[in-house]
Every structure is written in C-alpha cells, then in structure tokens.
Amino acid sequence: MTDQNSSPSAVQPLRHAPSDPDAPHVRQARVRVDASDDRGVLARPWSSLGYDEINWTYTPQGKRTLQTIGAFAETAYHVRPHYIFNSGTGLGLPHWGAGNVYHEDADGNPFYDFTIADLTYDTIVGAGHHPLVELAFTPHALVPDRAKEEFAFTPSPTLYSEYEAGWWSYPPKDYAKWGGLVAALAAHCRDRYGADEVSHWLWELWNEPDISYWRGTPEEFHELYAVTARAVRSVLPEAKVGGPAVTGGDAGARFLRGFLAACSERDLPLDFVSFHTKGAHFTPWRTYGPIGAPAPERQSPSTTKMLREIDRALAVMEEFPRYNGLPAIVDECDASVPAHWGVYDNPNFAYRNTEYYPVFQAKLMKKVLDLNEQRAAQVAEATTWSFSMEGERSFEGTRSFVTASGIEKPLMNAYRAFAQLGDRRIGATSDAAVVVDDLGALGPGLPEEVDVLASRGSADGRVAVLVWRHADDQYATDEAATPVELQVDGLAPGRWTVAHRRIDHSHSNSHTVWRDLGAPQDPTPEQLATIRDRQGLEPFADDVTETVDGGLALRLELPLPSLSLIVLTPAGEVA
C-alpha cells in the first residue's frame, strides 16, 4: 500500500495547516436567522460513513456503534467498508479485512462463500443503514501471474504473505470470472434482503485506483468498470453504479477525467461519481518518539485543502455536461490520514479525541453546502471514514466514533447534532464567518470564525440552529469566550420552547471526563458509568419557554472551539 493515501496536489502543496499562535481571535459575532426565508431542501452530506476493517462490522462493538448511529440518525446512512472480495480468514486487523467470497475448485470452477458478506450486510441493514458496496479487491484465485513475477516482496514475520502485501491490488486475471463474482453477490443480496432494500444500495468499483490500490492501467480499469456495471445491472436493472473513488491529488483528478471520458465515449452506465479528500498528511507521518512526547511540529487538518480538492473534482465533472446532474459522493472525506493511527504515532492526531473534531465536522459540512451553491455538480454525501477500532487503548486517537470499552468520543455528538436539523434550510448569516467563494485567496487553513447553519422542520415547525466557533488550528487557545448575538426572526407569534445543547471542553465530552478521572486505561465499572453518563449530546442550560412576537434574541458565549445547537419548538399560542 502507499504511505501517502494520495498523490501530490497542486491545489495545495502544504498538506496540513500549521499552527499560528499569533492568529487573531473573533472577539464578537452577530448571527441572523430568518425562519421564514426558505432556501429549499437541506441536503444532508454527513449521512454516510466508511471504514477499512470490514470484519469489525459485526463484532459486538461494531454492531453497537452502527446501532447507536441508526437510533439517532434522521435518515439511513450509507455504510462503505473495504475488502469485500479480498481473500482471507476473516480475522480483523487495522487497515485490512477479508470478505473471502470467491473460491475455485481444483478444476478452476468458481464457487462462492457469502458467510462474511452476510454477517456484514446483516449488521448494516439491521441497524437501519444501507450498504455502499465497494466491489474490491482481487481475490487470491484471480491474482494474475504477472503480480507473482513483478511484485517485490521480502518475507517478514509482520506480513502474512505477498497477497496481503499487495497482490490484491492487481487487476483480476479473468474479467469474465470477476463479472460472475459481481453478479453472484448482487443476486445473493437481492434474494437475502429483497429488491426494495437493495434499491437503496450503491455499487462502486474499487477504491483509489490512481495510486497503488490499482496496479493496472487506466484502460484496464475502464474495461473492468464496464464488466462490473454490466454484471450488476444484469441482476439489478435499476441498480445505482458508479466510481471511480479516486484520491484528491493531481493523479486523482487526471484519473477521474479519463474515467468520465471513457464512460461518456462508451456510453457506460454511471449513476454517481465518487472521489476522496483528506485534510492532512502530518509530517513526519510517524514520529517514533517516546510515549507522551509533544509533536515535533504543531500541525492540524486543513479545511481549505479539502474544499480545494472537492472543488477541483466537481470542476472535472462539469467538463462533462451529461454528468453535471449526477450526485458526487465524496466517500472518504476525512480530516487526516490514516484512520488507524493515533497519538502514539504522531501527537497531532490528538484532535480526534477532543471537542475540536466534532466542531471541525460541522464547519466542514456547512462549507461543502456552500460549495454546492457555487457549482453545477453537487456533493450528495461527504463520508466520514470513521468507525470503531478493536483492541486500541483508551482514546488512542484513531479516527473513530468510539474508543476502548465502547466509550463514545465527542465526534459522535456532531452527528447527533446534525440529526436535529430539519428538512428545510433557512436563511442564516454570520458577520464573523469565513467565506469560501474564492478558495484561492485562502491560506493553508481556515482562520478562526463563527458560522451558522439553520433549518426548519416542515412537519413540526421546529427551528434548529447550529452555531460554532472554530479555527483550523487544534493548538489555538483563548481564555475568553466570544460573545455571539443570535437573532432568530420569522417565528410565528406565540410560545416557543428553547433548548440549548453544547459541545465544548466541558460539555458532551467523554475525553475530558476520562482525563479528569486520571486517564485510566482500565476504567472501573464506576468510572465507566461516570464517563458514559457524559458522553452524549448534553444540555448547556435548562429548557425555557419564551413568548415570541416575530423574533427572538439570544446571547451565546462560545469558547474556542465549541458548537451550540439551539432548537426552538412551537409550544402553542399565548393564553
């Protein structure tokens, strides 16, 4: 596998946001929301997740994680695990997995074992989600002879074999057998889950073929896509097929352009276009320093880098007018790589444990929606490559929703907050927001801002407002909170219940509670109960009922970083 997860990127050569202790703070902000200003359906790009370790889908912790999200999610998520076609034992390892579907008898005749596929998709569907089926990678029996001849491999006790080291990334040696495998999986899923359920699934070929996940030519990939799309559609004529799930680097943009040109020239089925972006590749990637040592250089994820890479991919889509209307699926949309490394690899991964990460996600999703307003091509999903890491230490710093003992990390609460947003977007502005109309004018990271995203529920009339304070610098601190004047207009006269939820250092933050308890690696039952009691989305204040005549003024105090969720619920007319 590559150690880069992307090719170099001309849109932003600096692959992280450096810390700037002298950056100015936002000292006050005015936020205006107009509940009567309907801006249309609120797109929900956050409603998908993915992960490498397919075999951790159906562990007890994996099941609980998907069930937790399914219980609060306002819509079904697409869930995208890697490695459904990889051969192996089914033992889950970081950044590896095996669906172990494809086999051949002594005469070379294919047969299939859907045991792991069933465990995986049963869990996803049972939790209320829909699979995004990533059709990858090459099974052991389909590895071409040239892989065995040219792939450089030195046996090592830390690697199973040449297959795990990279044979799986070669094009299958028999495209007809590959097509049979794809069709067999599609038919099995249709028969097991029903045509209605499977109609919500997405079927995608491969992952990041512009780097070392694909050791073939672009032309070989184009032909494999044709075979794959034809195989899926032979079983599911209305299935949504797409790709190519390229990285955000320069090679990814070139590969995407060639793929779309091939689809257009050959009139291949294409229902969505997928690509990736990563907000940071810390340098050095691994420090190999002593436990607890500080980062050699303070670095943070870059929202700017992510937006520039997304914007470039959307621009490539717009070069092909027939594809402008297709949903863009950014099915790895991540603050930094890789998912399975943490604070012991590089202390800069510490943000994944704290309030910084959920607030970053809220800001990122809103900026993605801002990009959609500027582009003909639209992002439909921006997938967090976050799930659950088995065997990690407490608050390891991996990119995950939960840590050891099943403790939910603050990141989970960003998605709880998203779930409170209604189906209609309403007008909302902040005089302290960073505007992304001109991405070229921005620095390597977004400066500190206060911004807002607001909605209204068409069924219940609830108004939900997300307001946050954030900078692309996890090391930025400020002893003073920023006063925010929040004015919500366009409310029907009457009584409204005001609920205020908060994510910050002291609220909705299991990591802070864990640290306050002494950072135990083996928490007692009492300590676990204390942590879990504080891991959810917490109130900042008691709910109150206000009498409103058109508008409501609220004052917030936002520390750095933090997010407030304000929910206004009609409580009836004034007696």
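## Briefing: a covered helix, a pocket and a helix pair

Helix H11 (residues 411-419) is mostly covered, as nine of its nine residues are buried. Buried here stands for under 20% relative accessible area, with exposed over 50% and partly exposed in between, using a 1.4 Å probe and protein chains only. Helices (H or I, at least four residues) and strands (E, at least two) are DSSP runs numbered from the N terminus. Please keep in mind that this is a predicted model, where local features need pLDDT of at least 70, side-chain atom pairs count only at pLDDT 80 or more, and totals for chains, interfaces and linings use all residues. Residues are numbered from 1 along each chain as its sequence is written, and side-chain values use heavy atoms, with hydrogens and water left out.

- The buried residues of H11 pack against helix H1 (60-72), helix H10 (356-374), strand E16 (463-470), strand E18 (494-503) and E21; contact means heavy atoms within 4.5 Å.
- Among the buried residues of H11 are Met412, Tyr415, Arg416 and Phe418.
- Strand E21 (residues 562-572) holds serine 564, which is buried at a relative accessible area of 0%.
- Not counting residues up to four places away in sequence, serine 564 touches Val465, Leu466, Val467, His500, Arg501, Arg502, Leu556 and Leu558.

**The largest pocket**

- The largest pocket contains about 960 Å³ of space.
- Its lining has 39 residues, and the closest to its centre are Val343, Ala350, Thr354, His511 and Arg515.
- A pocket is an open set of points on a 1 Å grid over the protein atoms alone, with protein on both sides within 12 Å along at least five of seven lines; a cavity is a set where a 1.4 Å probe fits but cannot get out, and lining residues have an atom within 4 Å of a point.
- Grid points are joined across faces, edges and corners, and a volume is the space filled by probe spheres set on the points.
- Helix H12 (residues 510-516) gives the most to the lining of the largest pocket, with five residues.
- The lining of the largest pocket comprises 19 nonpolar, 14 polar and six charged residues; Ala, Val, Leu, Ile, Met, Phe, Trp, Tyr, Cys and Pro count as nonpolar, Asp, Glu, Lys and Arg as charged, and the others, Gly among them, as polar.

**Enclosed cavities**

- Across the whole structure, the search finds four cavities of 30 Å³ or more.
- The second largest cavity has a volume of about 60 Å³, and its lining includes Val246, Phe275, His276, Glu309 and Arg312.
- Helix H8 (250-266), strand E10 (272-278) and helix H9 (303-318) each supply at least two residues of the lining of the second largest cavity.

**Helices H5 and H7**

- The axes of helix H5 (residues 175-193) and helix H7 (residues 218-235) come within 8 Å and cross at roughly 35°; axes are lines fitted to C-alpha atoms over the stretch in contact, and angles run from 0 to 180 degrees between N-to-C directions.
- The residues of the contact of H5 with H7 divide into eleven nonpolar, three polar and three charged.
- Histidine 222 also lies in helix H7 and is buried, with a relative accessible area of 11%.

**Alanine 280**

- Alanine 280 sits in the loop between E10 and strand E11 (299-300) and is buried at a relative accessible area of 1%.
- Leaving aside neighbours within four places in sequence, alanine 280 is in contact with Arg15, His16, Ser300, Pro301, Ala335, Ser336 and Val337.
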